[in-house]
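Subject: The two-chain model

Hi,

Here is the structure I promised to pass on. Have a look at it first, and then read my notes below.

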Amino acid sequence: MSQEPEDVKPKINLKVVYDGEEVQIKVKPNTKFAKIFAAAEQRFGKESGTFKFVYEGKRIGKEDTPGDLDIEDGDQIDCFLEQLGGWQ
Amino acid sequence: MPQAGPSTRKRPGDDSLSPPVRKHARLSMGSSESGTLGDRWRTHVQTGWVFAVNTVELVRDTIFPQPSLPTHVSRAASTHSSMSSAAAPPSTSAPSTSSPTDAETETTPSQTPVLKPSPSIGWPSTSVTKSYYPQVDRELQKKLWLKQHRPKRRKHIFEDQHKAKVEATKAVRREDTLKQIYVLQKEKGYSADFPTFRGLMRKQLQIQRYMESTRVFPRDGKRSESVEVDDSAFLRRILEKARATLNEPRPPPPHTPHMKEVRYRRQIKDIELEKRLRAPTLPSSLPSDADAQVDALLKKSGVISKYAREQVASQDIARLKPALWLNDEIINFYGALVLGRSEGAKENSPNGPKNVLAVHYFSTFFWPKLVKEGYEKGRLSKWTKKLDLFSKDVILIPVNHANLHWTAAAINFRQKRIESYDSLGDDRPSVYKHLREYVDQEHRNKKKAPFDFTGWVDYTSPDIPQQENGYDCGVFTCQFLESLSRGAEPFNFSQKDIPYLRRRMIWEIGNATLRTEY
């Protein structure tokens with residue numbers, strides 16, 4: 001990847017939402033989500049790896065980039081903690 | 001003959017059976033008209049002779065009118081019979097010549113001339129008259145006499161006891177045979193008790209006796225007595241018959257399809273139809289090779305399997321071991337498999353799995369978004385950016401309740417139902433409420449019109465498989481969703497299938513494909 005187009009392309013703002021709270025993260029379209037995850041977890045004060053990220057109902061993998069998912073400026077990323085179910 | 005001249009002369013012409021008394025009267029009158037004194041005297045002598053003969057005859061006949069009459073026989077002596085036989089020849093002409101006066105003078109009863117059997121040649125005989133065989137008479141007489149004067153046989157001193165004993169043994173034997181017959185009849189299906197059976201046998205015996213008596217010896221006292229004695233023979237015959245029929249091959253029971261049977265057959269048919277409608281029951285374990293794969297998958301570490309945007313790691317798949325709770329990873333992976341199968345079936349339907357509906361699967365994160373943020377704020381319209389929800393048959397939604405419990409929900413466009421399936425039997429009214437709101441808002445957003453809910457019902461299956469523990473609800477939920485994607489709504493699994501289903505899910509997730517053995 002050359003640095004030239006990266007500079008040309010505009011950065012996108014991601015709204016990361018967890019439990020009603022919202023944080024803005026500015027990322028490049030080709031940034032891997034692993035980096036974004038770590039940043040979001042840090043902002044919400046969680047250990048890394050605890051969140052699950054979903055974009056428009058689709059699960060986001062660590063290796064994905066915003067560009068892969070056609071994420072546009074201002075789109076929302078949802079964070080979820082692990083869901084469990086059993087009933088005691 | 002000559003004495004009876006006038007009478008004999010007249011006789012041949014007169015064949016009528018008119019009373020001889022009248023005839024005699026006319027004859028005597030005739031003789032008196034014509035007769036001189038000598039003639040009259042001769043007639044007188046003649047009459048005397050006739051009288052004598054008549055008397056003798058009368059005596060003879062009164063003695064032997066019927067040889068069996070005992071009173072006469074007792075009086076009679078052999079001499080009488082011989083005398084009467086000797087006197088017989090002259091008596092031939094006697095009746096014709098006898099006059100009414102003679103008859104009156106006689107000491108013997110007046111009916112003599114009429115009823116007296118006459119052995120004369122041409123005399124018309126009546127049925128009363130009997131042939132006259134003196135030898136036979138004598139023999140009969142002798143026999144009768146002997147019978148009456150036979151010395152009595154003296155009894156043996158133990159005769160009575162012996163007879164009683166014989167009777168007793170006979171009775172015992174008869175009872176024994178009767179019991180044997182009873183037992184045999186019981187085996188053949190006779191249902192009443194022994195006294196009733198005895199009554200039946202008695203009845204049969206009576207009928208049998210009656211038949212025999214009327215057939216062979218009607219109205220014969222002696223014979224019927226002998227039949228009475230033959231009781232044991234009758235019983236023996238019955239017993240043999242019963243034994244014979246018992247050994248015979250039995251005919252098949254008659255075919256009578258009455259209402260009960262018809263109803264039963266209908267029930268069987270219904271059950272078979274039900275079975276065909278329902279999915280077949282699940283096997284108890286995976287095939288051995290798949291089972292081995294499961295064991296291998298459980299030993300692996302790291303990321304086990306990937307499908308679409310989902311992936312499952314070892315710590316997630318370990319949750320499918322018995323008695324563990326499931327997390328969103330497993331459920332979403334499984335949901336992705338269900339969704340993928342539906343989409344795959346759409347692409348190549350001829351080779352694809354059968355009965356797969358067009359479904360959409362919302363991940364476990366849909367529900368908290370919907371409940372906590374709502375349609376607008378949660379931006380749920382974006383979740384269906386690339387698909388038309390209303391073109392699907394069923395929308396599948398796993399629902400997590402307070403991070404404790406999994407249930408399955410569905411929006412069934414085919415059957416116009418908002419559905420909720422809870423393995424704990426709760427009907428979850430909030431599910432219906434939220435989903436109705438969601439459908440309406442989605443419709444308003446995409447179709448620019450409120451959703452028409454006419455005909456829509458909130459539905460839960462009356463016989464949802466129920467979990468019997470605190471940890472299997474995730475498995476139940478996955479299976480509800482999978483079954484719903486095939487439209488197999490009367491679910492064919494239950495708690496007992498869960499150990500198998502957990503292992504099957506490990507295989508399915510590990511191989512990223514759903515097995516076809518529903």
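Which residues form a nonpolar patch on the surface, with about 300 Å² of accessible area together? They are B:Tyr133, B:Val136 and B:Leu140. One of them, B:Val136, sits in helix 9 of chain B, which covers residues 134–149. Its relative accessibility is 45%, so B:Val136 counts as partly exposed. Before you read on, keep in mind that this is a predicted model.

Now to the sheet in chain A. Five strands make up an open sheet there, in the order 2-1-5-3-4, with mixed pairing. At its edges are strand 2 (21–27) and strand 4 (58–59) of chain A, each of which pairs on one side only. Strand 1 (residues 12–18) and strand 5 (residues 76–80) of chain A run parallel and are joined by three bridges. If you want a pair to click on, A:Val17 has A:Asp78 in strand 5 of chain A as its bridge partner.

Helices from both chains come up against this sheet. From chain A, helix 2 (residues 33–43) packs on the sheet and touches strand 1, strand 2, strand 3 (52–55) and strand 5 of chain A. The direction of helix 2 of chain A makes about 145° with that of strand 2 of chain A. From chain B, helix 18 (residues 366–377) packs on the sheet too, touching strand 1 and strand 5 of chain A. Its direction makes about 165° with that of strand 5 of chain A.

Chain B has an open sheet of five strands as well, in the order 4-5-6-7-8, again with mixed pairing. Strand 4 (359–361) and strand 8 (457–459) of chain B are the edge strands, and the twist averages 20° from one strand to the next. Strand 4 and strand 5 of chain B run parallel, with three bridges between them; in that pairing B:Tyr361 has B:Leu396 as its bridge partner.

The part I'd zoom in on is strand 6 of chain B (residues 405–412). Eight of its eight residues are buried, so strand 6 of chain B is largely enclosed by the rest of the structure. In a regular strand, side chains alternate between the two faces of the sheet. Here both faces are covered: B:His405, B:Thr407, B:Ala409 and B:Ile411 are buried on one side, and B:Trp406, B:Ala408, B:Ala410 and B:Asn412 on the other.

What about the neighbours of that strand? Strand 5 (residues 394–401) of chain B runs antiparallel to strand 6 of chain B, with eight bridges joining them, and B:His401 stands opposite B:His405. The two form a hairpin with three residues between them, where B:Ala402 in the turn has a positive phi of about 55°. Strand 7 (residues 417–421) of chain B is also antiparallel to strand 6 of chain B, through five bridges, and B:Ser420 stands opposite B:Ala409. That hairpin has four residues between its strands, and B:Lys416 in the turn has a positive phi of about 55°.

Helix 19 (residues 429–447) of chain B lies across strand 5, strand 6, strand 7 and strand 8 of chain B, at about 140° to strand 7 of chain B. Helix 20 (residues 473–485) of chain B packs on the sheet as well, touching strand 4, strand 5, strand 6 and strand 7 of chain B.

Cheers

Conventions
Residues are numbered from 1 along each chain as its sequence is written. Chains are lettered from A and ligands numbered from 1 in the order in which they are written. This is a predicted model: local features need pLDDT of at least 70, side-chain atom pairs count only at pLDDT 80 or more; totals for chains, interfaces and linings use all residues. Side-chain values use heavy atoms; hydrogens and water are left out. Patches are made of residues with over 30% relative accessible area and no salt bridge: like charges are joined within 9 Å, nonpolar side chains (Val, Leu, Ile, Met, Phe, Trp, Tyr) within 5 Å. Accessible areas come from the Shrake-Rupley method with a 1.4 Å probe; for residues, only the protein chains shown count as cover. A salt bridge is a side-chain nitrogen of Lys or Arg within 4 Å of a carboxyl oxygen of Asp or Glu. Buried means under 20% relative accessible area, exposed over 50%, partly exposed in between (1.4 Å probe, protein chains only). Two strands pair if DSSP finds at least two bridges between them. Contact means heavy atoms within 4.5 Å. Axes are lines fitted to C-alpha atoms, for helices over the stretch in contact, and angles run from 0 to 180 degrees between N-to-C directions.
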